[in-house]
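Me: I'd like to go through this model with you, one question at a time. Could you have a look at it with me?

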Amino acid sequence: MSTHVDTFSYDDAIVRKFLWATIIWGLVGFLAGLLIALQLANPIFNFDISWLSFGRLRPLHTNAVIFAFAGNAIFTGAYYSTQRLLKTRMFSDGLSNFHFWGWQAIIVAAAITLPLGFTQAKEYAELEWPIDIAIAVVWVAFAINFFGTIARRRERHIYVAIWFYIASIITVAILHIFNNLSVPAGLFKSYSLYAGVQDAFMQWWYGHNAVAFFLTTPFLGLMYYFMPKAAERPVFSYKLSILHFWTIVFLYIWAGPHHLHYTALPDWASTLGMLFSVMLWMPSWGGMVNGLLTLRGAWHKVTEEPVLKFFVVAITAYGMSTFEGPMLSVKSVNALAHYTDWIIAHVHTGALGWNGLLTFGMVYWLAPRLFQAPLHSKKLAEVHFWIASFGILLYVAAIYSAGITQGLMWRAFDETGRLAYPDFVETVMQLMPMYWVRVVGGTLYIVGACIFAYNIFRTWQARPKTYEVPMVSAPPLPAVYVDEHPAPVPAGAIARFTSAGWHRRWERLPTLFTVMVVVAVVVASLAEIIPTFLIKSNVPTIASVRPYTPLELVGRDLYIREGCFNCHSQMVRPLRHETERFGEYSKPGEFVYDHPFLWGSRRIGPDLARVGGKYPDLWHLRHFEEPTSLVQNSIMPGYRHLVERELDFDGIQARVDAMVMLGVPYGEAVRNAPELARAQANDVGARIVEGGGQAGMETREVVALIAYLQRLGKDIQQAGGVAAAPGATP
Amino acid sequence: MKLVDVMSASGLSMYAIVALLLFVGAFVTVVILILAPGSAERHRRASRLPLDDDSRPAPQAGSDNG
């Protein structure tokens, strides 16, 4: 072994940058959340401005808190801990900075494009294809920097936090690439490569694993580093942490289909999803116990140290949401909870509690170290802790009861066997008090976050003129592994095998380790995805289902642009109260031309899968102009701009062509889409005039959207499969 | 012939079940190995890694004026 010792320093400047980004984007994301909470409590807060309306801002809120706030928090903690755990500076300062500025640029791009209505309509994957490519590039830069750092490490053993980072980096890359495969139809418009059931499957394989590998595994990595640091003792059980890691990697990836119970997804897939989700409960609680018991013998410190308070409640919230999650994935519970606010309560336990509080605790711990000045005020940190915890409690309790209330009202029947609340809006009105409590809870959380920002800002103000850069020394790794502390090798082959020396060897071999993670993720994903994709019997075709006409296709794109799917589902489940309320349940074969699928995940408004023909065209026009003029108490935003804006008929051809590339049989529409669209628009315009509405609507965007809505659910009514849609007959 | 036709003809429907079995097998093995006795000392050392960072950049961290 060499006696040579390297002297080096850690790059904390990059950690400071990510820390500020976390704080700033956190505030932006929370405020966006507050605005959309207000919009649901009173639609006046949509301000009749297209880019401020609920459907456009809801994705902005989710993207801001997930990728901007939580994302930057992960990078803050990962850049700090990775260098120290591996005893080396990051592989390349240039890549670190590229990662930082690239990621912020992506966030800014998202903050501009989402309110403008550029969206792929897939939850947490809304960003359009040019931004998706940028994300992939920045992520690869991060991965190179990260793996390069591992390669240059001076500590042979790779601590469990780093494994969690590795699994996150790899899996997020795979998820992002496969879910976003699409065919562009212009710079800011694309159609998913997949359709209907497959697209839904891909999306929730992605969506669930985004929760797993963006909001769970990296934060567990942070927990396994910062909790021992703050408690000043090692993690309760290292064995348990290994177990936690492998079970999570093995099980999570299978759980996605639980988002699609009772939908047109094949039954075996959703049962599989349920099974694995229930199994996840065990390791998750193992992890929670491991985190909390790290405080063994140090519980008294919790009373004095706000950092530990934040960690304890964060880890408890992790435990609560990982108990609730498996429960929600049980089909019978899901039948009640799906499409309701219960799910919103569930994610906010996770996001506000687990991700939010863990981040705050981590930043309070880091700030004095990074800014080399004592924390401005511990008392303010305490105040933040109590306000935030109380805010979470209000939020979750209110929205949880809103969810249960609405779920029960939807399924209630009266003595005569009819729906007890046939008027959908009645079930919405019932939620209003709870929606206002949510506004209060959210406001408290934001007040806490402002106190936090102020506290960190004041700490920063007290920083020294120039930061001291401490030099660290450590011997380089010898080229050949030498076990410095050989454990006695147990006698007997089995005992040797089970002494887990083999696992230690893997841990020292990051490449093999990474390959194992990739194999685990890919095998599970393929096992789920291949059958739905490629076995025909899983998606029986229906002869009467035809592609959308060119006009309906643009109408559908407007539906996507306005984010209607954030409030409306298009998926009637085969449950009696649903078929009673909305009509025939949805079949897999109905969606074969839906690129992307628009099943939705939350019913703030009624399901629209069977809305075609329910109302005259004029009704829809008036409804878009001012929903409350037709339905008193409606909380749907008005869409006057759709009535004012001219429809871009010439742009239709590119859209149809992109669909044709995806294999949608468009027949004669291939060459004359705009003409066909004009003809159909004239029909709609004429019917509006006939009904007593204003003339001139046939050139406006609204006719396309009306044409689309009037088509929904129609195909399945065409017995015998006689073609109906003009212009779309293959 | 479309990709779907090729794949449906190739009898891949067993793939899900085979993968599932492989998976459960691998998983159970990992669990058994981790829980097996004999690795305590190595794990104890590994678990102390976050605490051996001897760059202490925090002046009076924890001491407070608030």
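Reply: Gladly! A residue counts as buried when its relative accessible area is under 20%. Keep in mind that this is a predicted model.

Me: With that in hand, what share of the 66 residues in chain B is buried?

Reply: The cut-off to apply is a relative accessible area under 20%. For chain B, with its 66 residues, the buried share comes to 29%.

Me: Thanks! Now chain A: what share of its 730 residues is buried?

Reply: Chain A holds 26 helices and four strands. Its radius of gyration is 27 Å, close to the 27 Å from the globule rule for 730 residues, so chain A is as compact as a globular protein of that length. Of those 730 residues, the buried ones make up 65%.

Me: How far apart are the centres of domain 1 and domain 2 of chain A?

Reply: Domain 1 spans 8-462 and domain 2 spans 550-717. Across the pair, 62 residues of domain 1 are in contact with 55 residues of domain 2. Taken over C-alpha atoms, the centres of these two domains of chain A are separated by 33 Å.

Me: And how far apart are the mean positions of the positive and negative charges of chain A?

Reply: Chain A carries 55 positive and 51 negative charges.

Me: Let's zoom in on one residue. Is A:Ser277 buried or exposed?

Reply: A:Ser277 sits in helix H8, residues 267-293 of chain A. Its relative accessible area is 2%. Buried means under 20%, so A:Ser277 is buried.

Me: Which residues is A:Ser277 in contact with, leaving aside its neighbours within four places in sequence?

Reply: Contact here needs heavy atoms within 4.5 Å. With the neighbours within four places in sequence set aside, the partners of A:Ser277 are A:Ala255, A:His258, A:Pro326 and A:Ser329.

Definitions and conventions: Residues numbered from 1 in each chain as written. Chains lettered and ligands numbered in written order. Predicted model: local features only at pLDDT ≥ 70, side-chain atom pairs only at ≥ 80, totals over all residues. Heavy atoms only, no water. Helix = DSSP H or I, 4+ residues; strand = E, 2+ residues; numbered from the N terminus. Rg over C-alpha atoms; globule rule 2.2 N^0.38 Å. Buried < 20%, exposed > 50% of the residue type's maximum accessible area, 1.4 Å probe, protein only. Lys, Arg positive; Asp, Glu negative; His and termini not counted. Charge placed at Lys NZ, Arg CZ, Asp CG, Glu CD. Domains from an automatic or database assignment.
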